Amino acid sequence: MATKRTNTATQFECSECGYQAAKYFGRCPQCQAWNTMVESETGNDEEAGAGAADSGSLQRLSEIDPAAAPRRLTGVGEFDRVLGGGIVPHSVVLIGGEPGVGKSTLLLEVSAALAQQDRTVLYYSGEESAQQIKLRADRLGIRSAGIFLFTSGSLEELKRHVRETRPEFLIIDSIQTLTSRKTAPLSGSIASLRNVTAEVIDMAKKIGITVFLIGHITKEGQLAGPKTLEHMVDAVLYFQGETQADLRLLRAEKNRFGPLNEIGIFQMSEKGLTSVNDPTQVLIQNRLSTAPGTAIFPAMSGTRPLLTEVQALVSESPFAGNPRRIAIGFDSYRLAMLISIIEKKLRLPFYKSDVFLNVTGGMVIREAAADLAVCQALVSSCKSIAPRPNSVVLGEVGLTGELRPVSFLETRVKEAIRQGFLTILLPAAQCTPGVLPKNHDISAIPIESIRDLLEHLNK
Ligand SMILES: Nc1ncnc2c1ncn2[C@@H]1O[C@H](COP(=O)(O)OP(=O)(O)OP(=O)(O)O)[C@@H](O)[C@H]1O
Ligand SMILES: [Mg+2]
C-alpha cells in the first residue's frame, strides 16, 4: 500500500489505513473512510524502527553459526507446522483473528507447552483479568509454574517485568491494549500502535526474546492497524473459525522463515484446542458422495495432502443477462474462466445461470490442479447428474479445454487410497501404467479434454 509521508512534526493519519498527510481531511484520500484522520507525531518513527535492525558488531555472513539458534518446537503440532517447523528464536509473530475465535486459548496452550519444557513465559493480557485467565487455564488443565501473568496495559511496566523475569517468550494479548507513556496523548491511534509495536520489537531483538503479538482484526477481516505493522514483524498468522465441527484453521499470511501454504487445523472444545491429526476425515466427513454439484479434490496444503470438497450450485438466474458468479475459497477470475471454457466446449448455457462455488470447511484452494474438480462440480450441478461415487478429481484445465498435468501426483493418489476412494479422474498424460500402486482397488480414468467429463459422471 502506498503511504504518503511528509517531514512535518505534526501531521494527520488515517486510523483505518494509516495514510499520512500534512493537513486534515474529512475523508481519507486513500481508503475513503470519513472522520478517520487523527493528529499524530511521526518524527521518531524511523528511529523507533531502526533499533530493531541494529545488530551491534560487524560479522561475516559465512562465519555465523545457524545452529547457535535452532528452531524450538512448542509441542503444539499444528502451530509448529504453520511456523515452518517450530519457532525461530527471537522472532516476532503477529496473530490475528475474529473476536472469540480462540486466540487467547491458543497462546495460553502454546505458553503451557513451552513452560513444560522449562521455558519461562511472560503473558501480558490487557483484555482479561488475572482471575479470568486462571479460570481459562483451569478449564484447559494448565498448571504450569513457568507462566507469569501481567495485566496492566503500560509498555514501561511490561519492559520492567521483562527485565526482572528475563522470559524466553513474551505473549502480548493484545497489542492494541498496550500503551506507552510517550505516546499516551495519541492512545488508540495508529501512530501509538506503531510506536508501541516498534518498541516491543526493538526490545525483543536487543535482549533476545521471542514475542507473540495478538492483533484485532477489522470488519473486513484485516489486521487492525496500518499495513506497516505487518511489515515490521517476522510472521503474520490468521486464526480463523469454522462452524463445521468447531474447526479452527491457522494460516500464515506472511512468514520470513517458512512456507505460506501450510495450514494448521484444530478442533475447539471445552477442554481447549486439539491439533487435528487426520484433517481429511474432518473435512469430508459430512459429504453426500452421491449429490450432484460436488467433487473431491486432493489438495496440497504445504507438504500435506488434504482431500477437500468443492461444491457448486448452478441455478436459473433471475437477472437476465447479468447472472451472479460467487466463489468462496476459490479465485473468482479462475471460476469465470472455467465457466467460459465449459460453455464453449460443452455448449452448456451458463450465461443464463447464477453460479455459486464453495470450498467446504473454510478451506481456500489456490492450485490450478483443482480446475477439473471445479468443472466437475459445475457440470454435475448444471445437468443435475451426480458424480461417480467415491471418486477424486484432479487436473489443470487449459483454455482449449485440454487437461494438463499436476504436481505431487503420487502424494495425492496415496491420500485418496488411504481414505478409501475407488476412482481417480486425472490428466491422460499422467495416466501411465505405474501411476497407481499395485494391490489397491483404486482405478484411474484418463481425462484428455474437458469434453470427457460428461461421460464420466454417474449415469
Ligand atoms: N466452556 C467452554 N466450552 C467450550 N468452548 C468454550 C468454552 N469457553 C470458551 N470456549 C471457546 O473459546 C472461545 C473463546 O476463546 P478465546 O477467549 O481464546 O478467544 P479470543 O479469540 O481470545 O477472543 P477475544 O477476541 O474476545 O479475545 C469461544 O468462542 C468458544 O469457542
Ligand atoms: Mg482473547
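Helix H3 gives the most to the shell around ligand 1, with three residues; helices (H or I, at least four residues) and strands (E, at least two) are DSSP runs, numbered from the N terminus. This is a predicted model, in which local features need pLDDT of at least 70 and side-chain atom pairs count only at pLDDT 80 or more, while totals for chains, interfaces and linings use all residues. Residues are numbered from 1 along each chain as its sequence is written, and chains are lettered from A and ligands numbered from 1 in the order in which they are written.

The residues around ligand 1 are Gly97, Pro99, Gly100, Val101, Gly102, Lys103, Ser104, Thr105, Glu127, Met268, Ser269 and Glu270 (a residue is near a molecule if its C-beta atom, placed from the backbone, lies within 6 Å of it). By class, the shell holds three nonpolar, six polar and three charged residues. Here Ala, Val, Leu, Ile, Met, Phe, Trp, Tyr, Cys and Pro count as nonpolar, Asp, Glu, Lys and Arg as charged, and the others, Gly among them, as polar.

## Overall organisation

The protein chain contains 12 helices and 21 strands. Of its 459 residues, 41% are buried; a residue is buried if 20 or more other C-beta atoms lie within 10 Å of its own, exposed if 12 or fewer, and partly exposed in between, with C-beta atoms placed from the backbone. Among contacts between residues at least 6 apart in sequence, 65% join residues at least 24 apart, where two residues are in contact if their C-beta atoms, placed from the backbone, lie within 7 Å.

In soluble globular proteins, nonpolar side chains tend to be buried together. The largest nonpolar core has 66 residues, and those with the most contacts inside it are Leu170, Ile171, Ile172, Val211, Leu213 and Leu237. Helix H6 (residues 190-207) gives the most to this core, with nine residues. Another core, of 47 residues, lies apart from it and includes Ala295, Ala312, Cys382 and Leu436. A nonpolar core is a set of buried Ala, Val, Leu, Ile, Met, Phe, Trp, Tyr and Cys residues joined through C-beta atoms within 7 Å.

Residues up to four places away in sequence aside, Val211 touches Val92, Leu170, Ile172, Val200 and Ala204.

Ala112 lies in helix H3 and counts as buried because it has 22 C-beta neighbours inside 10 Å. Beyond its neighbours within four places in sequence, Ala112 is in contact with Ile142, Ser144 and Ile147. Ala112 and Leu140 are 28 residues apart in sequence, and their C-alpha atoms are 9.9 Å apart in space.

The loop between H3 and S5 contains Asp118, a residue other than glycine with a positive phi near 65°. Asp118 is exposed, with 10 other C-beta atoms within 10 Å. In strand S5 (residues 121-125), five of five residues are buried. Val121, Tyr123 and Ser125 point one way from S5, and Leu122 and Tyr124 the other way. S5 pairs with strand S6 (residues 147-150) in the parallel sense over four bridges, with Val121 opposite Ile147; pairing requires that DSSP finds at least two bridges between two strands.

Strand S13 (residues 294-301) is mostly covered, with seven of its eight residues buried. S13 runs antiparallel to strand S14 (residues 304-316), and eight bridges join the two. Ser301 has Arg304 in S14 as its bridge partner. The hairpin of S13 and S14 has two residues between the strands, and Gly302 there takes a positive phi near 65°.

In helix H11 (residues 409-418), the buried residues are Arg412, Val413, Glu415 and Ala416. Seen down the axis of H11, these residues fall within an arc of 160°, so they line one face of the helix; the arc is that of the directions from the helix axis to the C-beta atoms. Their cover includes helix H8 (279-284), S13, S14, strand S17 (391-393) and strand S20 (423-427). Gly420, which follows H11, has a positive phi near 85°.

## Backbone features around strand S7

Arg166 lies in the loop between helix H5 (155-165) and S7. Although Arg166 is not a glycine, its phi is positive, at about 50°. With 12 C-beta neighbours inside 10 Å, Arg166 counts as exposed.

The peptide bond from Asp173 to Ser174 is cis, with omega near 0°. Ser174 is found in the loop between strand S7 (169-173) and H6.
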